[in-house]
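Dear colleague,

I am writing to hand over a structure for your review. Please find the sequence and the model below, followed by an account of what was found.

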Amino acid sequence: MRHALELAKKAESLGEVPVGAVIVKDDKLIAEGWNQPIFSHDATAHAEIMALRAAGEALNNYRIVDADIFVTLEPCSMCVGALIHARINRVVFAASEPRTGALGGAFNLLESNEHNHIFKVESGVLAEESRELIQAFFKSRRK
């Protein structure tokens, strides 16, 4: 999660919302991502999606089985959907997102029994550091 926080700071330095993500498989970092929708002109370029794209390239497969993703902010519905399709094993996130979080913050997409894959979820890992980073970012944008 510490590396994901560094990636979030990288996103912030580019003027993006500070969110970072890393994917680990067999105790090895296989992919990383940070928010890039403004820079890339791509609404789907969230940290999780960027990490999934990199992991797919690294594994030569869109299925990222037996891998865990660590992300500094609770994933949105788009990202949760992508994580389900990628067959990720576990999602560990730092700060909850009460407005758009789709793993319990605003709602929980995993509550549906209709999914063909469900992953494990852990939250709160380095939550305070992540929350402070995001709050400071938005506070500076309001000035």
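Two rings of Phe, Tyr or Trp are taken as a pair if their centres lie within 6.5 Å, and such a pair counts as edge-to-face when the planes are over 60 degrees apart. Please note that the model is predicted.

Aromatic pair

By the criterion above, the structure holds one aromatic pair. The partners are Phe137 and Phe138: their ring centres are 5.1 Å apart and their planes stand at 80°, so the pair is edge-to-face. The two residues may also be described by their accessibility, where buried means under 20% relative accessible area and exposed means over 50%, with partly exposed in between. Phe137 has a relative accessibility of 5% and therefore counts as buried. Phe138, at 34% relative accessibility, counts as partly exposed.

The largest pocket

By residue type, the lining of the largest pocket divides into twelve nonpolar, seven charged and five polar residues.

Helix α1

Helix α1 covers residues 2-13. Its twelve residues should span 16 Å at 1.5 Å a residue, and the end C-alpha atoms are 17 Å apart, which agrees. The buried residues of α1 are Ala4, Leu5, Leu7, Ala8 and Ala11. Seen down the helix axis, these buried residues fall within an arc of 160°, so they line one face of α1. On the face of α1 turned away from the buried side are the exposed residues Arg2 and Ser13.

Two residues with positive phi

Asp66 is not a glycine, yet it has a positive phi of about 60°. This residue is found in the loop between α3 (47-59) and β3 (67-73). Is Asp66 buried or exposed? Its relative accessibility is 56%, so Asp66 counts as exposed.

Arg87, likewise not a glycine, has a positive phi of about 65°. Arg87 lies in the loop between α4 (77-86) and β4 (90-95). With a relative accessibility of 17%, Arg87 counts as buried, because the limit for that class is under 20%.

Positions along the chain and in space

Cys76 is found in the loop between β3 and α4, and at 16% relative accessibility it counts as buried. Between Cys76 and Arg87, which are eleven residues apart along the chain, the C-alpha atoms are separated by 17 Å.

Val125 lies in the loop between β5 (120-123) and α5. At 33% relative accessibility, Val125 counts as partly exposed. The C-alpha atoms of Val125 and Phe93 are separated by 6.4 Å, and these residues are 32 residues apart along the chain.

Ile30 lies in strand β2 (residues 28-34) and, at 22% relative accessibility, counts as partly exposed. From C-alpha to C-alpha, Ile30 and Glu57 are 9.7 Å apart in space, while in sequence they are 27 residues apart. Ala55 has its place in helix α3. How is Ala55 classed, buried or exposed? Ala55 is buried, with a relative accessible area of 0%. Ala55 and Leu29 are 26 residues apart in sequence, and their C-alpha atoms are 9.5 Å apart in space.

Yours sincerely

Note on methods
Residues numbered from 1 in each chain as written. Predicted model: local features only at pLDDT ≥ 70, side-chain atom pairs only at ≥ 80, totals over all residues. Heavy atoms only, no water. Nonpolar A, V, L, I, M, F, W, Y, C, P; charged D, E, K, R; others polar. Phe/Tyr/Trp six-rings, centres within 6.5 Å; stacked < 30°, edge-to-face > 60°. Buried < 20%, exposed > 50% of the residue type's maximum accessible area, 1.4 Å probe, protein only. Helix = DSSP H or I, 4+ residues; strand = E, 2+ residues; numbered from the N terminus. Expected span 1.5 Å × (residues − 1). Arc of directions from axis to C-beta.
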